[in-house]
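Please open the structure in your viewer and keep a selection panel at hand. The stops below are meant to be taken in order.

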Amino acid sequence: MEPALLARFDRLLAERGYGSRSEAIRDLVRRRLDEERLRADATNVVGTLTIVYDHEQHDLAHRLTHIQHDHHTTIVANVHVHLDPRNCLEVLIVRGRARRVRRLAEELIATKGVRHGRLTLTTARD
Ligand code: NI
């Protein structure tokens with residue numbers, strides 16, 4: 001590895017509190033392999049979908065609820081926080097095949113009036 005690249009890596013390790021390069025490299029490899037696995041449609045995933053939306057927007061809350069009921073086997077739990085008089089934050093705990101979970105996330109995030117959306121996936125396996 002080039003010395004300059006290695007020096008940057010070492011600085012990152014110091015900032016993140018890694019005890020050794022091998023520990024950090026193992027984490028990097030694991031993360032990269034996880035990314036590959038989560039990309040595969042058939043992988044069983046767990047994760048969270050966070051959305052922020054304006055519940056005053058016509059019919060929006062109803063449409064979001066309707067979509068969620070259509071995917072009730074994928075959504076394990078749902079936390080709703082009323083952020084202010086208009087905006088709602090919802091965090092959905094999701095599980096299932098990656099393809100199905102991603103499709104649900106895309107549908108909710110693409111719904112008109114949803115301002116922010118982020119899907120975070122992981123797997124329970126090593
Ligand atoms: Ni609300």
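The tour goes from the domains to the helix pairs, then to the metal site and a strand residue.

Before selecting anything, note that this is a predicted model, in which local features need pLDDT of at least 70 and side-chain atom pairs count only at pLDDT 80 or more, whereas totals for chains, interfaces and linings use all residues. Residues are numbered from 1 along each chain as its sequence is written, and side-chain values use heavy atoms, with hydrogens and water left out.

**Domains.** Colour residues 3–39 as domain 1 and 44–122 as domain 2, bounds that come from an automatic or database domain assignment. Taken over C-alpha atoms, the centres of the two domains are separated by 32 Å.

**Helices α1 and α2.** Select α1 (residues 3–16) and α2 (residues 21–39), whose axes come within 11 Å and cross at roughly 90°. That makes α1 roughly perpendicular to α2 (65 to 115 degrees; under 35 counts as roughly parallel, over 145 as roughly antiparallel and the rest as oblique). Axes here are lines fitted to C-alpha atoms, for helices over the stretch in contact, with angles from 0 to 180 degrees between N-to-C directions; helices are DSSP runs of H or I with at least four residues, and strands are runs of E with at least two, numbered from the N terminus. Show side chains for Leu6, Phe9, Asp10 and Leu13 of α1 and for Arg21, Ala24, Ile25 and Leu28 of α2, which make the contact (heavy atoms within 4.5 Å).

**Helices α3 and α4.** Next, select α3 (residues 60–70) and α4 (residues 98–110), which pack at an angle of about 170° with their axes 10 Å apart, and are therefore roughly antiparallel to each other. Leu64, Ile67 and Gln68 of α3 meet Leu104, Glu107 and Leu108 of α4 in this contact.

**The nickel ion.** Centre on the nickel ion, coordinated by His80 (NE2), His82 (ND1) and Cys88 (SG) at 2.0 to 2.4 Å. Donors are N, O and S atoms within 2.8 Å of the metal (3.2 Å for Na, K and Ca), and water is not among the atoms, so sites may look incomplete. Cys88 is buried, at 2% relative accessible area, while His80 counts as partly exposed at 34% (buried is under 20%, exposed over 50%, partly exposed in between, with a 1.4 Å probe and protein chains only).

**Val114.** Finally, pick Val114 in strand β4 (residues 114–122), which counts as buried at 13% relative accessibility. Leaving aside neighbours within four places in sequence, Val114 is in contact with residues including Leu64 and Leu108.
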